Amino acid sequence: MGPNLSEFSVTFHSHPPTEEPFTVPNYIATMQITIAPASPQTCRAAIQALLCDSSAPLVIGIYRDLNKVPAEFRSHRNFKAIRGDLKDRDTLDFTGSDAVLTLTPPCLDGSDFVAQAKAISSNVRDAVVKAKSVKRLVYISSMGAQFASGVGEVQANHESERILEYAAPEVVLVRNGFFMENWRDALATLTADPPFFYSTVTPIDYKMPMVSANDIGKACARHLLQAGSALKASPHIFKLHGPVEYSTSDVQRAFEEVTGKKVEVRLVERDELKAYFSKFLPLNLVDKFVEMTWSFLPDGILEQDMNDFTGIERGHDTLVDAFKKMLSM
């Protein structure tokens, strides 16, 4: 839920940027799919799933910095990286693509995050319309995006959904749960003596939907590959959760399992949230993150919706799976 603050923090092997003209592979691709942007973990997972699919789609990744193209993608015959920036509509060209995957990048520089979300989503919408070939647009959203207010930073997802919901004949909105990777901040404190982590999810046994970036990417890939098949309704909206719901106690046990150490929990109670977020967020986001956190805690605006499992899709990664992957990176 909300921005995965680790989404753009993954370090890839660097390679010299390339600006070679686009060349058609020496086979006929069944489908062309564009991922814009391609760097976030969720989008990288979607690319990996697409490249492993037996239908062998041609995958186009949009990068602001071509040095961030992972080695395994760069060398893949079904993949092409091109330079582009979601903030600059003139750099976005989806011509020939049957499907497009997009998201709203986090805005942590102190500027207006809602204005940025609107601008980026408008640029993507315009590029989709201009291309004329795009049958399906998949947007990585968040639980709570159905609300115009009361959900803090997730308001950016709400505004983006409104702009994108009719951009293509088929639109899929993926309202994912809390990113398991948002616990990445604990990697720094797990090396302390004694190991510990902070949690804003309280009380300690309160369960809520959490899902891995890997499962989000796989779900998006599955829906992208179905471009051209009729949806019962467009936009098609579904909630994506992990295999079960998790509490802070579950997070603690998962960290203990993957580290082999006893791990302490330091709860950040409701009245401490503002001071906590003030330590590392721009001033304009502090109250928004407090509001977002309140929205999914007990009696929050999202509690009822989070516990309505009608029509949800579930991923397979457990917290242990996600944490093992985080520790290996």
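**Close-up 1. Elements that cover helix α4 in the predicted model.** The cover over the buried residues of α4 includes strands β4 (99-103), β5 (136-142) and β6 (170-176). Helices α3 (113-131) and α9 (283-296) are also among the covering elements. Helix α4 spans residues 155-164. Nine of its ten residues are buried, so α4 is largely enclosed by the rest of the structure. Buried here means under 20% relative accessible area. The buried set runs through Gln155, Ala156, Asn157, His158, Glu159, Ser160 and Glu161. Ile163 and Leu164 complete the set.

**Close-up 2. Crossing of helices α7 and α11.** Helix α7 spans residues 248-259, and helix α11 spans residues 319-328. Their axes come within 9 Å and cross at roughly 50°. That angle makes α7 oblique to α11. The crossing is right-handed.

**Close-up 3. Residues at the contact of α7 with α11.** From α7 come Asp250, Val251, Ala254, Phe255, Glu257, Val258 and Thr259. They meet Leu319, Val320, Phe323, Lys324 and Leu327 of α11. By class, the residues of this contact are eight nonpolar, one polar and three charged.

Definitions and conventions. Residues are numbered from 1 along each chain as its sequence is written. This is a predicted model: local features need pLDDT of at least 70, side-chain atom pairs count only at pLDDT 80 or more; totals for chains, interfaces and linings use all residues. Side-chain values use heavy atoms; hydrogens and water are left out. Axes are lines fitted to C-alpha atoms, for helices over the stretch in contact, and angles run from 0 to 180 degrees between N-to-C directions. Helices (H or I, at least four residues) and strands (E, at least two) are DSSP runs, numbered from the N terminus. Angles under 35 degrees count as roughly parallel, over 145 as roughly antiparallel, 65 to 115 as roughly perpendicular and the rest as oblique. A crossing is left-handed if the near helix is turned anticlockwise from the far one by less than a right angle, and right-handed if clockwise. Contact means heavy atoms within 4.5 Å. Ala, Val, Leu, Ile, Met, Phe, Trp, Tyr, Cys and Pro count as nonpolar, Asp, Glu, Lys and Arg as charged, and the others, Gly among them, as polar. Buried means under 20% relative accessible area, exposed over 50%, partly exposed in between (1.4 Å probe, protein chains only).
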